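Please look through the sequence and the three-dimensional structure shown below.

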Amino acid sequence: MTRLWKLSGCTSRLLFSKYRLFSSVAEEVRDRLEYDLVIVGAGPAGLSAAIRFKQKCLESNVDLGVCVLEKGSEVGAHILSGNVFEPRSLKELLPDYEKRNAPLHTPAKRDEFYVLTQARAFRLPTPPQMHNKGNYVISLSELTRWLASEAEQLGVEIYPGFAAKSAVYDSKGKVCGVVTNDFGIAKDGNKKPSFQPGVEVRGKVTLLAEGCRGSISKEIMKRFGLQSNCDPQSYALGIKEVWRVPEEKHQAGLVVHTVGWPLDSRTYGGSFIYHMSESRIALGLVVSLDYENPYLSPYQELQKFKTHPKISKMLEGGEVIQYGARSLNEGGFQSIPKLAFPGGALIGCSAGFLNVPKIKGTHTAMKSGMLAAESAFEYLNGSKQYSEGEVELESYEHTLRNSWVYDELSRERNIRPGFRLGLLGGLTNAAIETYVFRGKSFWTLHLPYEANESLKPASSAKKIAYPKPDGKLTFDILTSVALSGTNHDHDQPPHLKVKDSKIVEEVNWRLYAGPESRYCPARVYEYVEDESGQPKLQINAQNCLHCKACDIKDPKQNIQWTVPEGGGGPKYTIM
Amino acid sequence: MKVLVTVKRVVDYAVKVRVKPDGSGVDLSNVKMSMNPFCEIAVEEAVRLKESKVASEVIVASVGPSQSSEQIRTALAMGADRGIHVEVEQELPPSVVSRALKFIVLKEKPSLVILGKQAIDDDCNQTGQMLAQILDWPQGTFVSKVKVEGEKVQVTREVDRGLETLELRLPAIITCDLRLNEPRYATLPNIMKAKKKPVEKLGLKDLNCDPLHGIQTLSVFEPHKRQGGNKVESVAELIDKLRNEAKVI
């Protein structure tokens with residue numbers, strides 16, 4: 001029986017209906033909601049797409065429904081970024097953003113770039129990519145919340161607390177929406193009294209804006225072979241703390257980047273220290289996930305980093321107010337996949353538009369969302385002609401590849417791969433690319449292997465002894481995790497799936513000494529001794545920060561991050 | 001019968017709060033807020049009464065800032081029928097909130113008022129009790145079981161001595177404890193339907209409620225950090241430390 005709801009004054013055409021849909025496990029009666037455009041992820045890309053789409057609707061006096069699903073408990077809860085924001089896309093999207101009180105409180109005033117050794121800091125000329133005149137030091141979480149209120153004013157429906165679990169396909173194999181996660185399944189897999197089946201949210205067009213290593217994006221890229229003509233994506237893990245420091249230590253608008261210590265020459269990464277508003281400093285360490293030493297702990301490297309005399313001076317007397325971590329894309333130009341698939345497209349970091357030398361991805365993510373929205377509007381408004389074999393958002397592929405996003409990423413494409421020559425080689429290559437060839441070199445470098453293939457066996461790796469935390473400058477990981485506000489209902493199946501437990505024992509533990517217990521920034525993975533004294537992997541799924549590092553770095557890709565019940569995860573507000 | 005249930009907007013239970021640098025209160029800027037967990041339980045109980053046809057209508061009320069409308073919408077999505085939002089920007093103690101609620105009770109005439117036992121931000125545990133006093137209604141607090149039978153309601157209270165069962169004549173006040181029920185999830189279709197449910201907005205003036213109260217917060221500070229413990233080697237050393245370091249003997 002189909003019930004048709006026509007909600008007066010509402011801009012979406014909604015159909016509530018109960019369909020008996022067969023899943024592979026059990027028959028589930030699911031509600032179905034229908035929209036014109038469905039967007040997974042209320043981040044900068046997703047919200048920019050929603051806003052642009054509604055703007056196009058208003059221009060053409062057309063009424064089309066947009067639904068944005070967000071797994072965080074509120075918009076911004078899962079958003080973490082440096083962030084020195086380039087307002088280029090925002091100016092295009094909402095030219096009167098200043099009048100609309102966009103939270104761009106702190107203009108970037110001064111850029112500094114250092115190479116650190118254990119005791120000293122050598123200031124180098126700031127690379128041109130790191131000149132931030134005209135940019136702002138922001139909290140992306142805060143900006144995203146503001147974008148959400150702008151979107152809602154235009155009639156976009158945003159639903160936080162609902163995790164899109166997987167794509168829904170029609171009989172021709174086209175993506176026609178997503179299904180949200182069930183609520184109320186107990187740890188043992190049985191339904192609790194509070195069980196609510198997930199809902200099918202159908203869209204004529206579906207945009208995936210899940211951020212780096214999105215779970216549905218991963219499924220879609222595999223199914224439609226979107227990465228068959230590009231390099232595999234490469235990744236880094238960014239771990240960030242926001243400090244409140246005494247006023248005399250704070251210099252609003254100061255933007256500092258460092259390379260070198262504590263990371264060794266073979267591990268690509270660096271730190272950022274951004275002075276925000278209200279006496280706060282955002283600082284973090286970004287470590288490439290193709291590091292080789294299984295004993296490396298990115299979290300501990302960040303703690304070590306803070307003890308450097310130049311850094312500790314900045315933080316003395318301060319306190320950490322929030323902590324978090326998220327993986328980010330480093331593949332750049334070479335790893336841009338095919339973006340449009342039957343029924344939708346990838347936008348933002350789900351595709352991967354981060355400019356690595358600038359370490360900025362927000363402006364490109366927003367622009368990709370806007371271009372996809374324009375393409376989606378063209379399709380839904382019936383104004384485009386399609387040839388054989390073209391998918392709905394084919395024009396987005398073209399407009400993106402002809403946009404400044406593509407040019408920008410192409411210019412910087414050889415910088416990150418150059419660092420496989422080590423720090424010095426990488427910096428030299430970067431200088432040549434930037435100053436001599438100005439991004440127009442006629443070759444393209446590639447990264448030799450994927451993150452999960454890079455680990456050396458523990459037997460040939462050097463153990464790293466990290467110092468104990470002092471509780472003032474450096475902290476133990478669980479104290480930090482508490483500052484992310486992360487939590488999940490404990491009585492649900494663990495969302496981190498280990499496909500083969502034998503591989504954990506034979507490969508993760510025996511060969512690599514359990515690297516996940518070190519790279520996870522939330523202490524989700526722990527090896528504890530069972531009754532027979534054998535080390536067993538314990539998964540503390542409740543701590544998860546949704547950073548996706550395990551999904552990326554696990555040597556045999558044996559750990560799969562799946563989406564937990566909506567509303568769980570971190571509660572970032574100023575990240 | 002009509003049921004009135006109250007909800008409060010508080011800091012989310014998983015968030016670590018900090019004190020404002022000037023010690024005037026807790027820093028609530030940029031902090032995730034949610035419905036008080038005990039209020040969630042209260043809403044769930046009210047909705048269950050409606051589903052078992054004991055209650056004919058569930059009204060949800062909140063006394064709080066403009067953003068409290070989010071919590072009212074969540075309660076509506078869980079199954080309440082309509083909302084009443086008393087908008088006040090300043091923080092009010094239970095003595096004033098209960099006075100505001102009294103006016104709502106007199107206007108709506110519910111037979112049962114269900115509240116959470118306490119809010120997790122101030123831990124006062126007073127609003128339900130004060131409301132019962134000023135209405136001169138019977139109250140069942142820390143309730144873990146509710147059974148309505150005609151003009152009476154039987155409640156089981158969780159008290160220090162164990163479980164106490166009381167019979168209250170309606171109309172009555174109930175405050176909920178943890179084990180009363182497990183609140184349902186608000187589903188996506190219900191959240192959409194809730195947008196259309198009516199929410200009445202009122203100010204304290206509309207209720208003739210005087211916000212004056214006799215409580216002034218002097219200062220807020222974090223609890224003193226725990227010192228590490230010390231192991232002592234002998235009784236003599238223990239006495240020495242108790243006398244000279246801890247200065248308690």
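Does B:Glu164, at 22% relative accessibility, count as buried or as partly exposed, and why? The model is a predicted one, and the values discussed here are computed from it. Because buried means under 20% relative accessible area, the value of 22% makes B:Glu164 partly exposed. The side chain of B:Glu164 forms a salt bridge with that of B:Arg161, with an N to O distance of 3.3 Å. B:Arg161 itself is exposed, its relative accessible area being 74%. Elsewhere in chain B, salt bridges with shared partners connect B:Lys2, B:Glu57, B:Arg82, B:Lys107, B:Glu108 and B:Glu200 in one network.

Another pair in chain B consists of B:Glu51 and B:Arg184, whose side chains meet in a salt bridge at 2.7 Å, N to O. B:Glu51 belongs to helix 1 (residues 37-51) of chain B, while B:Arg184 is in the loop between strand 10 (172-176) and helix 5 (188-194), so the pair ties together parts that lie 133 residues apart in sequence. B:Glu51 has a relative accessible area of 48% and is therefore partly exposed. B:Arg184 is partly exposed as well, with a value of 21%.

For residues 23-211 of chain B, UniProt lists "domain: Electron transfer flavoprotein alpha/beta-subunit N-terminal", in an unreviewed entry. In the model, this stretch of chain B is 30% helix and 31% strand. Its end C-alpha atoms are 23 Å apart.

Attention now turns to chain A. Here the side chains of A:Glu374 and A:Arg52 form a salt bridge of 2.7 Å, N to O. This pair links distant parts of the chain, for A:Glu374 is in helix 7 (residues 362-380) and A:Arg52 in helix 1 (residues 44-59), 322 residues apart. A:Glu374 is partly exposed, with a relative accessible area of 26%. A:Arg52, by contrast, is buried, because its relative accessibility of 14% falls under the 20% limit. Over all chains, the structure holds 51 salt bridges.

Which residues of chain A gather in a patch of positive charge on the surface? They are A:Arg88, A:Arg411, A:Arg438 and A:Lys440. One of them, A:Lys440, is located in the loop between helix 11 (422-436) and helix 12 (477-482) of chain A. A:Lys440 counts as exposed because its relative accessibility is 71%, and exposed means over 50%.

Notes:
Residues numbered from 1 in each chain as written. Chains lettered and ligands numbered in written order. Predicted model: local features only at pLDDT ≥ 70, side-chain atom pairs only at ≥ 80, totals over all residues. Heavy atoms only, no water. Patch = residues over 30% accessible without salt bridge, like charges linked within 9 Å, V, L, I, M, F, W, Y side chains within 5 Å. Areas by Shrake-Rupley, 256 points an atom, 1.4 Å probe, with all protein chains shown as cover. Salt bridge = Lys/Arg side-chain N within 4 Å of Asp/Glu carboxyl O. Lys, Arg positive; Asp, Glu negative; His and termini not counted. Charge placed at Lys NZ, Arg CZ, Asp CG, Glu CD. Helix = DSSP H or I, 4+ residues; strand = E, 2+ residues; numbered from the N terminus. Buried < 20%, exposed > 50% of the residue type's maximum accessible area, 1.4 Å probe, protein only. UniProt positions renumbered as here; feature names shortened; annotations may be inferred.
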